[in-house]
Amino acid sequence: MPPVIKSFGERIADALVEDGLLTTKQVDDLLELQKKEGTRLLKLVIEKAYVTDQDMAVSMGRVLNTPPVNLPRLTVPADIADLLPRDVAHNYKVVPISRLENRLFLAMADPLNVLAIDDVKRLTKLEIMPLIAPEKAIIDKLNAIDAAKSGSMEDIIMDVQKQNEEDPDADKLEISKESMEEVNLDQLAASSEEAPVIKLANLILVQAIKDRASDIHIEPFEKMVRLRYRVDGSLVDMTPPPKQMQLALASRLKIMSSLDIAERRLPQDGRMRVKVGGKDYDLRVSFLPTVHGEKCVLRVLDKSNLSASIDKLGLDPDTFQQFRSAVDAPHGLILVTGPTGSGKTTTLYSALNELNNPAYNIVTVEDPVEFQVPGINQVPVRKDIGLTFANSLRSILRQDPDIVMIGEIRDTETAEIAVEAALTGHQVLSTMHCNDAPGAIARLDDMGIAPFLISSSVILACAQRLMRRICTHCKEPVTYSAKMYQDLAIDPSIFDGFTLFRGRGCERCKNSGYAGRLAIIEAMTITDEIRKLIIARANTREMGKIAIGQGMRTLRMVALDRAKDGLSTLEQVLVLTSAH
């Protein structure tokens with residue numbers, strides 16, 4: 001009987017069994033699955049997460065008689081990386097590691113790729129010594145090499161200045177009262193694809209994500225362009241890009257956002273998705289025409305900021321219990337209020353994440369959709385074609401929803417439909433712009449919603465702020481002056497037995513003393529007593545007093561608790577909250 005010739009995948013599987021990484025039963029199951037799906041055996045092994053990429057590489061190396069290499073632990077010298085063009089390295093998924101005389105050690109995802117070996121040999125004029133490494137490790141290493149080569153903002157500015165020095169007439173060009181239509185669009189498109197512009201745009205985005213910025217502001221002025229990042233709620237100046245790259249940079253960002261580079265007189269909104277450090281980030285992009293050109297603001301939407309459930313929002317026990325009861329209610333309107341950028345949408349999505357299961361039909365209507373979540377039907381508002389909040393909501397209510405999230409209640413029509421939906425057995429979550437929890441009731445009243453409808457539909461009103469967190473690397477005890485307690489209108493004795501802290505400022509927090517933010521939430525459950533006040537159109541101050549008497553913790557109270565816990569400072573309490 002002739003010997004059974006095993007496939008390459010089966011030989012690797014046998015090696016994994018010998019190495020104790022797979023069982024014979026797992027191999028048999030995989031072979032059965034391979035017959036059904038027609039998928040490569042090794043791909044199935046990785047998909048099932050039976051072995052790690054590195055273990056697979058070691059076993060493959062043994063079968064192929066090719067040494068494995070641990071790429072993440074290696075530093076590739078720049079002169080070695082430059083031996084191979086970037087496009088070739090990315091195409092074949094190979095990384096030059098080191099050179100010894102006329103031999104080049106090459107990390108490869110597929111050491112059997114003879115074409116890759118021949119091409120690299122022809123380009124480098126060196127003998128190739130293949131090493132095996134996981135494909136993901138190779139891609140990560142190539143991306144790291146590319147990032148290191150892209151240089152800093154200062155390098156790009158120096159390159160542009162050098163070009164100007166080489167062309168002495170470049171700075172003498174003056175454009176006087178030129179209309180926007182006179183710009184050559186072909187030249188503009190071409191300049192936005194030039195290497196320095198692409199590097200500059202990429203660098204601005206990557207640096208913002210590394211600095212944990214929530215927004216990027218690129219602002220044109222007469223003789224300069226200002227670049228600022230919003231980090232933990234505060235705008236920070238960065239090294240500005242050159243003025244002469246203003247148009248090309250704006251065009252590059254428009255191309256990345258699929259916007260019209262020819263339109264520079266009207267506002268435009270778009271979005272883009274980038275990958276930094278192996279993570280996907282969505283960016284919401286807004287262009288606004290100003291006197292000296294277009295101002296661009298990019299909002300960084302990081303899905304990792306979303307909490308898997310409301311118990312991970314860091315709420316105090318009382319507020320958590322109120323929030324939990326409202327989310328678990330079968331119907332009713334939950335309102336989260338606060339200024340722009342206070343984390344309202346993130347809080348609502350944390351609640352939706354917890355409710356997200358096949359038992360519920362969840363639909364959202366947003367302007368725009370900030371976080372794309374599998375399992376939730378998300379509708380973006382498009383005013384240009386008449387798809388408003390109100391129109392979308394009418395259609396959504398015909399879609400048999402269980403839970404509806406409205407990005408923001410802005411007008412009477414939207415408010416009426418939201419209240420109606422809450423009264424007809426739907427759970428409705430939405431945001432509003434007002435200062436505190438009782439203010440949400442007053443806002444609905446101002447919009448013309450009848451008090452008896454408000455009292456019957458709203459089950460919870462919240463106010464939210466984001467408080468800056470003390471940097472843990474430079475945290476130190478602090479003693480405050482009597483003036484601070486006077487400004488806060490509080491008795492210093494409430495801190496007896498507690499140590500207050502501040503951040504001294506260090507390199508990690510860029511000398512700000514803060515790193516990161518935490519949510520503080522004021523939650524007012526609509527009880528029978530508060531319903532009576534709503535129907536009687538009582539003022540918000542009176543409503544707030546009753547709510548506090550029933551256990552509501554105001555933003556000021558919650559913020560002071562965070563200071564007692566050593567998580568934030570009294571300066572933040574003063575800036576973010578007011579005394580009721």
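Guide: What follows is a set of questions about a predicted model, each answered by setting a value against a rule.

Visitor: What makes the pair Tyr-485 and Phe-495 tilted?

Guide: A pair of aromatic rings is described by the distance of the centres and the angle of the planes. The ring centres of Tyr-485 and Phe-495 are 6.1 Å apart, and rings pair if their centres lie within 6.5 Å. Their planes stand at 45°. Stacked needs under 30 degrees and edge-to-face needs over 60, so this pair is tilted. A search of the whole structure turns up one aromatic pair.

Visitor: Where in the chain do Tyr-485 and Phe-495 lie?

Guide: Tyr-485 belongs to helix α19, residues 482-488, and Phe-495 to the loop between α19 and β17. They are 10 residues apart.

Visitor: Are Tyr-485 and Phe-495 buried or exposed?

Guide: Buried means under 20% relative accessible area. Tyr-485 has 12%, so Tyr-485 counts as buried. Phe-495 has 5%, so Phe-495 is buried too.

Visitor: How do you know that Lys-475 sits over the ring of Phe-501?

Guide: The charged end of Lys-475 is 4.8 Å from the ring centre of Phe-501, and the rule asks for a distance within 6 Å and a position within 35 degrees of the ring normal.

Visitor: Why are Asp-282 and Arg-271 called a salt bridge?

Guide: Side chains of opposite charge can pair when their charged atoms come close. The rule sets the limit within 4 Å, from a side-chain nitrogen to a carboxyl oxygen. For Asp-282 and Arg-271 the closest N and O atoms are 3.9 Å apart, so the pair is a salt bridge. Asp-282 is in strand β8 and Arg-271 in strand β7, 11 residues apart.

Visitor: What are the closest N and O atoms of Arg-537 and Asp-445 apart?

Guide: They are 3.0 Å apart, and the two residues form a salt bridge. This pair links distant parts of the chain: Arg-537 is in the loop between α20 and α21, Asp-445 is in helix α17, and 92 residues separate them. With 53% relative accessible area, over the 50% limit, Arg-537 is exposed. Asp-445 has 22% and counts as partly exposed. Elsewhere, salt bridges that share partners join Glu-219, Arg-226, Arg-228 and Lys-295 into one network.

Visitor: Which strands stand at the edges of the open sheet, and why?

Guide: Six antiparallel strands form the open sheet, in the order β6-β5-β4-β9-β8-β7. β6 and β7 each have a single partner strand, so one side of each is left without a neighbour in the sheet. On average, neighbouring strands are turned by 25° against each other, direction ignored. Helix α12 packs on this sheet, touching β4, β5, β7, β8 and β9, and its direction makes about 40° with that of β9.

Visitor: How do you know that β4 pairs with β5?

Guide: Two strands pair if there are at least two bridges between them. Seven bridges join β4 to β5, which run antiparallel, so they pair. Asp-215, for instance, has Arg-230 in β5 as bridge partner.

Visitor: What makes helix α22 mostly covered?

Guide: Eight of its 10 residues are buried, among them Leu-555, Val-558 and Asp-561. The buried residues of α22 pack against β15, α19, β18 and α23.

Visitor: Is Val-236 buried, exposed or partly exposed?

Guide: Val-236, in strand β6, has 32% relative accessibility, so Val-236 counts as partly exposed. Neighbours within four places in sequence aside, Val-236 is in contact with Leu-227, Arg-228 and Tyr-229.

Notes: Residues are numbered from 1 along each chain as its sequence is written. This is a predicted model: local features need pLDDT of at least 70, side-chain atom pairs count only at pLDDT 80 or more; totals for chains, interfaces and linings use all residues. Side-chain values use heavy atoms; hydrogens and water are left out. Helices (H or I, at least four residues) and strands (E, at least two) are DSSP runs, numbered from the N terminus. Axes are lines fitted to C-alpha atoms, for helices over the stretch in contact, and angles run from 0 to 180 degrees between N-to-C directions. Contact means heavy atoms within 4.5 Å. Rings of Phe, Tyr and Trp (its six-membered ring) pair if their centres lie within 6.5 Å; planes under 30 degrees apart count as stacked, over 60 as edge-to-face and the rest as tilted. Buried means under 20% relative accessible area, exposed over 50%, partly exposed in between (1.4 Å probe, protein chains only).
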